[in-house]
Amino acid sequence: MGAYVREYVPRDIPTVGDAPAEGTLVIRLGYRGEGFCGFAEQPGKRTVAGELRRALECALRRPCELTCAGRTDAGVHAVAQYVSVPVSAPELELACDRLRRSLVALTPDDLSVQELYRAAPDFSARFDAQMRRYRYRICAGDARPVMAWDHAWWYKGSLDAAAMDAAAQALVGEHDFKSFCKAASAVDKPTSRYIASLHVAEVEEASERLVAVDVEGNAFLHNMVRTIVGTLVEVGRGHRDAAWVADALAARDRAAAGPCAPARGLTFMAVDYPEGSLLPW
């Protein structure tokens, strides 16, 4: 199967104040999702975007507008989220180490500013993303997880990872994933997405055995990855067969698929951008 290619659509240059931006600051960051009400800002709630924006506005001494590679829900983690911010010509001259140290000092302990890049003035962390990757971790069994406690779903039973992986292959490719997203978010919106790969395997992390669901796609609908995981778990626990997953996909009805897995097991792992679009700051 060939790789997904997004058609390039020219975009307007964003502004910094009243002037066109001269470049884009791109931040790679990670965060532990338990203490956040998701990425996107919400009035009166603690969010990743809210904490990062406050740090950026303090460091750059001006209002900032953020664009992220993919908005995560409350409780979802990230190890490589990308955020873009238009910047002026003088800001492009800021020293990388000094700016990064400032952002690290201004952000809380559950948010990690990992790397800074520069990009073209019209670069968007969201619209220039070619592929996004997630991992969902499940600790299956009677023993409570130790190291994975805060980033895995403790499923108190056994799971057949091989059966889950076989069933998952029906979802690879470009399909209408209306059955696998939050029903309210699918109203009058396109629900076709492309999944490049989807694998389920037993892994060992920090001396603990886990079931890992790794998915890569061009974009994802609201709750899509977690609903895919919840559906595959129905197969893994022996309550459904592989054909049921294909039938659920074809139904284009949220009620046809399985439950939405808990947020704490999901981690935003990586984003692919066109080669050469991100340069060291």
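This is a predicted model: local features need pLDDT of at least 70, side-chain atom pairs count only at pLDDT 80 or more; totals for chains, interfaces and linings use all residues.

I started with Ala206, which counts as exposed because its relative accessibility is 53%. My cut-offs: buried is under 20% relative accessible area, exposed is over 50%, and partly exposed is in between (1.4 Å probe, protein chains only). Ala206 has a positive phi of about 50 degrees, though it is not a glycine. I found Ala206 in the loop between β10 and β11 (208-217). Helices (H or I, at least four residues) and strands (E, at least two) are DSSP runs, numbered from the N terminus.

Residues are numbered from 1 along each chain as its sequence is written, and side-chain values use heavy atoms, with hydrogens and water left out.

Next I checked Arg252, another non-glycine with a positive phi, near 55 degrees. Arg252 sits in the loop between α6 (242-251) and β12 (266-272). Buried or exposed, or partly exposed? Arg252 is partly exposed, because its relative accessible area is 43%.

Last, I looked at how the lining of the largest pocket splits by class: 20 nonpolar, 11 polar and 11 charged residues. Here Ala, Val, Leu, Ile, Met, Phe, Trp, Tyr, Cys and Pro count as nonpolar, Asp, Glu, Lys and Arg as charged, and the others, Gly among them, as polar.
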